[in-house]
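Subject: Model handover and interface notes

Hi,

Here is the model you asked for. My notes follow below it.

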Number of protein chains: 2
Amino acid sequence: MTAHPAAQTVGLRDRKKQQTRDALATAALHLVAERGLENVTVEEISAAADVSSRTFFNYFPCKDDALVADHSVDSARFLTRLAQVPPEVPALAAVRSALGEMIDRMQADRERWLLRMVVIERNPALLPRLVAAGVETERTMTELVADRVGVPPDHHFPALLAAVTGAAFRSAMLRWAAGDGARSLSDLVDEAFETLAAGLPDPQPAP
Amino acid sequence: MTAHPAAQTVGLRDRKKQQTRDALATAALHLVAERGLENVTVEEISAAADVSSRTFFNYFPCKDDALVADHSVDSARFLTRLAQVPPEVPALAAVRSALGEMIDRMQADRERWLLRMVVIERNPALLPRLVAAGVETERTMTELVADRVGVPPDHHFPALLAAVTGAAFRSAMLRWAAGDGARSLSDLVDEAFETLAAGLPDPQPAP
DNA sequence: GGGAGAACTTTCAGGTCCGGCAAACTTTCG
DNA sequence: CGAAAGTTTGCCGGACCTGAAAGTTCTCCC
């Protein structure tokens with residue numbers, strides 16, 4: 001037996017895969033951060049990660065996804081959480097609650113996520129990609145919410161809630177990056193959701 | 001002098017340009033509607049509009065833009081309207097009010113807009129494009145709103161309001177198309193904005 | 001251990017997207 | 001009419017992305 005009898009669930013193979021994926025994403029983020037999206041090719045990213053450019057596409061369906069997607073934050077877990085929130089909790093609060101775990105994981109990966117958001121901010125072409133990453137999630141979320149509040153799936157509320165909370169979350173993420181992570185993401189999301197719950201009233205101009 | 005002494009502001013040249021642009025957009029929408037986004041090339045679209053494929057790119061920066069962008073609904077006018085709404089009107093209501101004109105124009109172009117939204121619905125890759133079309137608008141909108149409510153530009157409210165109203169509007173557009181335009185877009189947008197103003201409370205399950 | 005087979009990577013070929021360039025053409029204006 | 005300005009077009013090349021086939025690396029089971 002080798003010196004590592006434990007850690008059986010993940011073999012060498014999976015560890016290498018994760019490494020490669022990580023190397024590609026990291027290389028992509030750093031290169032784009034310093035040169036801009038247009039001035040970085042897939043070949044350069046692949047070279048920096050020491051793999052062929054064909055391999056790049058085995059991991060990411062397109063260049064942008066290497067910058068925006070993140071395996072560690074998979075939406076399936078968020079949806080599971082959402083389904084688990086007790087049904088008497090209002091939908092908006094339920095969504096906020098279910099986001100908690102995802103937010104924690106993002107804070108744990110603080111460094112990388114801040115870089116990611118800065119890259120997105122400086123390359124607006126990526127912003128739609130951020131939406132794309134959530135579009136399938138929003139669809140499922142719509143169904144979950146319809147179920148939860150007991151309205152037909154073509155009612156306007158579930159789709160509106162999904163779209164609006166998605167927008168609010170993105171807004172908080174961008175704000176997080178803009179402040180370089182000075183305030184916690186959790187706080188910023190809370191602030192946004194409270195404003196939503198209050199019906200988006202005009203804020204006080206000056207105290 | 002010719003038989004058309006009036007209509008001086010637009011010459012033959014500009015009229016032709018508008019025609020070409022329109023032909024390209026129309027061809028793109030119809031082809032994609034029947035074959036799907038992947039199975040339509042720029043060459044085919046250009047051929048259908050009787051221009052070279054090189055000309056296509058003189059009008060649209062990429063294939064998707066021919067499907068999503070619309071010259072008749074330029075956001076500059078919306079922003080102008082927004083700036084004109086009296087400052088005592090709360091920001092959320094002001095946005096709804098400023099959207100009115102755009103909505104009217106979309107209803108006038110009902111046919112084309114419904115087709116467009118159906119195409120987007122059936123080709124989810126385009127949905128992020130719809131966001132992209134509004135991203136610059138949202139940025140300006142953020143500044144306008146900050147100004148209007150008298151908070152610094154890095155306050156969370158303006159960006160949140162811009163993102164959220166954008167999402168709500170898109171949600172209403174998709175709903176409009178899903179119902180094949182049975183209910184007026186104006187109604188659907190009102191419904192969404194009222195729900196926003198109420199703080200997104202859970203709807204009544206059944207009467 | 002050791003080999004059969006699965007999984008991953010690489011190379012290669014090819015289609016589509018998209019932008020720069022300069023020549024031909026069309027409209028506008030003096 | 002003729003010059004100026006704008007538009008269309010073909011040509012070319014780089015970049016993105018995909019399929020197929022061949023080569024390499026890991027896993028599993030004996």
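Start with the chain interface. The contact (heavy atoms within 4.5 Å) takes 40 residues from chain A and 40 residues from chain B. This is a predicted model: local features need pLDDT of at least 70, side-chain atom pairs count only at pLDDT 80 or more, and totals for chains, interfaces and linings use all residues. Residues are numbered from 1 along each chain as its sequence is written, chains are lettered from A and ligands numbered from 1 in the order in which they are written, and side-chain values use heavy atoms, with hydrogens and water left out.

**Chain A against chain B**

The area buried between chain A and chain B is about 3,100 Å². Carbon and sulfur atoms give 70% of that area. Buried area here is the accessible area (1.4 Å probe) that two parts lose on being put together, summed over both. In chain A, the residues that lose the most area to chain B are His156(A), Leu160(A) and Leu200(A). Together they make up 19% of what that side buries.

The count of salt bridges between chain A and chain B is zero. A salt bridge is a side-chain nitrogen of Lys or Arg within 4 Å of a carboxyl oxygen of Asp or Glu. Four residue pairs are in polar contact between chain A and chain B, both residues at pLDDT 80 or more. A polar contact is a pair of N or O atoms within 3.5 Å; within protein, one must be able to donate a hydrogen and the other to accept it, and residues adjacent in sequence count only if both atoms are side-chain atoms.

Which elements give two or more residues to the side of chain A that touches chain B? They are α6, α8 (127-149), α9 (156-178) and α10 (185-197) of chain A. Helices are DSSP runs (H or I, at least four residues), and strands are too (E, at least two), numbered from the N terminus. The largest share, 11 residues, comes from α9(A). By class, this side of chain A has 28 nonpolar, seven polar and five charged residues. Ala, Val, Leu, Ile, Met, Phe, Trp, Tyr, Cys and Pro count as nonpolar, Asp, Glu, Lys and Arg as charged, and the others, Gly among them, as polar.

**Inside chain A**

Chain A is divided into domain 1 (13-67) and domain 2 (75-197). The bounds come from an automatic or database domain assignment. The C-alpha centres of the two domains lie 26 Å apart. Domain 1 of chain A puts 13 residues into the contact, and domain 2 of chain A puts in nine. The area buried between these domains is about 970 Å², with 60% from carbon and sulfur atoms.

Three salt bridges cross this domain interface. Elsewhere in the listing, Arg129(A) forms a salt bridge with Asp64(A), the closest N and O atoms being 3.3 Å apart. α1(A) gives the most to the side of domain 1 that touches domain 2, with seven residues.

**Salt bridges and annotation**

The structure holds 24 salt bridges over all chains. One pairs Arg77(A) with Glu101(A) (3.5 Å, N to O). Arg77(A) sits in α5 (residues 75-84) and Glu101(A) in α6 (residues 91-108), 24 residues apart.

UniProt lists residues 41-60 of chain A as "DNA-binding region" (unreviewed entry). UniProt positions are in the numbering used here, feature names are shortened, and annotations may be inferred rather than shown by experiment. The span is 70% helix and 0% strand.

Best wishes
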